[in-house]
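Please read it alongside the coordinates.

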Amino acid sequence: MTPFSLQHGKSPELRLFPHLLELGMKKNGAMQLDTFPATVTECIRIYYIIEGKFEWRINHQPYFLYPGDVALILPGISFGSDNGVLEIGAFTWMHLDMQKLDNGHILPGKWSGLSDTESATIGKMLSMNSTPVLSRFSEAGKILKCIHTELLAHEIGYQTRINHQVDELLIKMIRHMTQQVVHPGRDFPQTFMRLEELLRQDLSHQWTVEEMAALVGLGTTLFTEKVKSYSGFSPINYLINIRISEAIKLLKRPDISVTDIALDTGFYSSQHFATTFKKLTGYRPSEFRKNHLRNE
Amino acid sequence: MKCIVTIELGTNGVRIFAFDLGGRVIASMKGYYPSFHTEPDRTEQDPEQIFITTLYVMKNLLNEHIHPKKYQVACVCFSAAMHSVLAVDKNGNPLGNAITWSDNRAKKEAQELRNTALGRSLYAATGTPIHPMSPMLKIAWIRRYDKERFRQTSKFLSIKSYIIQQLTGEYLMDYSIASATGLLNIHTLTWEADALKYAGISATHLPGLGPIFANAGKLKKAYQQSLGLPPVTKILIGSSDGCLATLGDGVKGEGKATITIEDSGAVRVMGPAVLKDEQMRFFNYVLTEDSYVSGGPTNNGGNIFEWFTRQFGDFTNPFDIEHSMQQLIEEASKVPVGADGLLFLPYLLGERAPLWNANARGAYFGLNIKHERRHFVRAAIEGILYEIYSIGKTLSEQRNISSLSVNGSFGTIPFCTQLIADMFNRPVHLRRKFHSVSYGAWLLSATEMGIYDSLDQAARTVELPDVYKPNKQHHAVYADYFSVFEKLSAKLSDEFELISNLQQKHTVAKTPVKQKTKLI
């Protein structure tokens, strides 16, 4: 593979692909200074290491990257190396524009062949990504190479094929991410704990079983079965447990309105909250609050 | 038809059973709640989630199994894990999470107090070993390091006291749970002044005390309605998991001991007198004013074998650790008794009884060139059980143990039960069908209702149908190897401390770089 660099707006090869902002491959034969400074962009940046060892800073944290590793940098995250140093080695990269929603979530754009729900799930999981380095992930290198080849060869169907490959890369990255979380397939308690953490971090989100299952890297049927046998509850009922427990804590504080509590803890409306709360506890939320603030 | 409902507030979740008046299980359900480890040495649980989960499981059980069959709930009886602390304000609202038994934040306090005259006299008075698990030390820690919480605290409760208070409005603690706080004088059954002084609190900071049969008041109206229970439903305060597991196995009286091995483990006996021990190795908890549950707890039980399985097992089915453990046990069963002289010290989590050394660490010893992977598997299991045996051995210096019972998920794996029988050279009884803790709560309830005259009579009715007989030849092999196991555990004391200090010194806080470098 020979080095190249394509940029949207400059390289005609990318005209049909407005979402591909940059694509390239670099071989660096000697250590260079001031060539790889830390920058922040609005797109997703994906770097795949072919040769050598790189020390890069992602979100101000240092990471060592080795051949087969992928660095995944989200919009708004700084990425580069100290003093702009570029070490000896080779890597390929892609800068991918994403659609941004008002709530801060990101989505692949219209070009993508992903279904709406899967697209939303992938966007959500990308933005929650806590490990920006995906290790031992040579499939990413193959996909990036294929995209490059297609771009140059211009054979029939290449536009479709390239977009498919980008979708493929997103799917593979998500799968790799979920499997990288602590001993793939081994430690359900730990995986469940991690899931619980993620649910709590974003309790106002309308979680679907599909999203939860994807976070753990299981199909929905097996996921539901595992959660049921481990926790005694279906995933949605377990989530209701967390929601009501958090709501109880908030109800015991005088400074938040019941409607805000309902929405913050993920209920559709204060009505939905009141019904669920009363069914389980026998109290209306306002009644419960009154009982517990009696001495204030 | 009447029934009895038992609620077990455990470490990993709540387990609720419904029994008929003959002690037969009508139905059971469980609900998980998490532990949070926000910082090293901390283990906390959310009291509201425990409460909601309990309510939810209870409601499901009643609606699916009890109400449709027209059972009438005569009484609800509680049991709970020991040593938890929850601070609440003057409205009874929690100030932060509950601190659970495995929380180690008070380890410095424990170390300072353990070998002092005050430490020894507190141990003798309260029966609770001077160890970070003790609520007395946890409260002292809060006073020292979390001053704002301490100042706002109106009462220090246990998790069970909180759940009962939510349901009935009463602040109560039974003698069993209280005897595991390090604050109760187990001889007089009143709060121990020196312990309160050490913790920096007065008796008004604690809930009211009551015997395990005490009525905890009436369910609040809202819960009567949501659960569909009449106001006459008796709410019994109940006891602790450890005491009830012992009662549930019928271990009351001379010659009997019970072994519990779940994640962690314990060997327990019950009798009319406390065990005195110069080295402060045993706990003495109160079941009733004339019976004490005594014994020693270990940190390293089934959780160590789970750890082993996660590291070295084959995971053909994702997340199916039971299957992988089963495969390893089959592998282990093909290795000769004693693992051809490979020994494993299971102290991965430090150790309580009988070493009481938080710095203890694990080790394989005796490796030779003929040992294979499967020997490591068998040695791991044998090591965990040698440790159980070593607790039993120290107990038998004071109590005659002629027969044993086993409960808990790891101990009741047939391969393990047989090993226990062989190591102890005693017959081992068990009942695989359900939890000993809940059965103990049933016996307690049945006695309170007058079905039995006394707990003694109730305990005598316990039948444990499955018996594992010891194999003399195997016992001789284990006895030989155990003598080395025991020597090693004592001899390595200095090295345990050295390595544990080095581990602390060289373990930098977990950073992404650190995670990455291990892949090189």
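**Notes on the predicted model**

1. The crossing of H7(A) and H1(B) is right-handed. On the H7(A) side the contact uses A:Asn237, A:Tyr238, A:Ile240, A:Asn241, A:Ile242, A:Ile244, A:Ser245, A:Ile248 and A:Lys249. H1(B) supplies B:Glu48, B:Gln49, B:Ile52, B:Thr53 and B:Tyr56. Sorted by class, this contact has seven nonpolar, five polar and two charged residues.

2. **Helix pair within chain B.** Helix H10 (residues 241-248) and helix H15 (residues 436-448) of chain B pack with axes 7 Å apart, at an angle of about 80°. H10(B) is therefore roughly perpendicular to H15(B). From H10(B) come B:Asp241, B:Leu244, B:Ala245, B:Leu247 and B:Gly248. They meet B:Ser436, B:Val437, B:Tyr439, B:Gly440, B:Ala441, B:Leu443 and B:Leu444 of H15(B). The class count is eight nonpolar, three polar and one charged.

3. **Buried face of H11(B).** Which residues of helix H11 (residues 302-312) of chain B are buried? They are B:Gly302, B:Asn303, B:Ile304, B:Phe305, B:Phe308, B:Thr309 and B:Arg310. Their packing partners in chain B are strand S14 (255-261), helix H12 (321-333), strand S18 (343-346), strand S19 (362-365) and helix H13 (373-395).

4. **Partly exposed pairs.** B:Arg374 and B:Glu372 form a salt bridge at 2.8 Å, N to O. B:Arg374 is partly exposed, at 27% relative accessible area. B:Glu372 is also partly exposed, at 41%. B:Glu486 and B:Lys393 likewise meet in a salt bridge, at 2.8 Å from N to O. B:Glu486 sits in helix H17 (residues 472-491) and B:Lys393 in helix H13, both of chain B, so this pair ties together parts 93 residues apart in sequence. Relative accessible area is 34% for B:Glu486, which is partly exposed. B:Lys393 is partly exposed too, at 30%.

5. Which residues are joined into one network by salt bridges that share partners? They are A:Glu196, A:Arg200, A:Glu246, A:Lys249 and B:Asp46. A:Lys249 is also one of the H7(A) residues in the contact with H1(B).

6. **Chain A overall.** Chain A has ten helices and twelve strands. Its C-alpha trace spans about 75 × 45 × 40 Å along the principal axes. Of its 296 residues, 51% count as buried. Take the chain A contacts between residues at least 6 apart in sequence: 67% of them join residues at least 24 apart.

7. **A:Gly232.** This residue is in the loop between helix H6 (220-231) and H7 of chain A. Leaving out residues up to four places away in sequence, A:Gly232 touches A:Val227 and B:Lys30. Its C-alpha atom is 50 Å from that of A:Gly157, 75 residues away along the chain.

8. **Backbone geometry to check.** Most residues other than glycine have a negative phi, and most peptide bonds are trans. The bond from B:Ala353 to B:Pro354 is cis, with omega near -10°. B:Pro354 lies in the loop between S18 and S19 of chain B. A:His154 has a positive phi of about 55°. Its place is the loop between helix H2 (138-153) and helix H3 (158-180) of chain A, and A:His154 is partly exposed at 44% relative accessibility. B:Asp41 has a positive phi of about 70°. B:Asp41 is in the loop between strand S3 (25-32) and strand S4 (44-45) of chain B. With a relative accessible area of 33%, B:Asp41 is partly exposed.

Definitions and conventions. Residues numbered from 1 in each chain as written. Chains lettered and ligands numbered in written order. Predicted model: local features only at pLDDT ≥ 70, side-chain atom pairs only at ≥ 80, totals over all residues. Heavy atoms only, no water. Left-handed = near helix turned anticlockwise from the far one by under 90°. Helix = DSSP H or I, 4+ residues; strand = E, 2+ residues; numbered from the N terminus. Contact = heavy atoms within 4.5 Å. Nonpolar A, V, L, I, M, F, W, Y, C, P; charged D, E, K, R; others polar. Buried < 20%, exposed > 50% of the residue type's maximum accessible area, 1.4 Å probe, protein only. Salt bridge = Lys/Arg side-chain N within 4 Å of Asp/Glu carboxyl O. Axes fitted to C-alpha atoms, helices over the stretch in contact; angles between N-to-C directions. Parallel < 35°, antiparallel > 145°, perpendicular 65-115°, else oblique.
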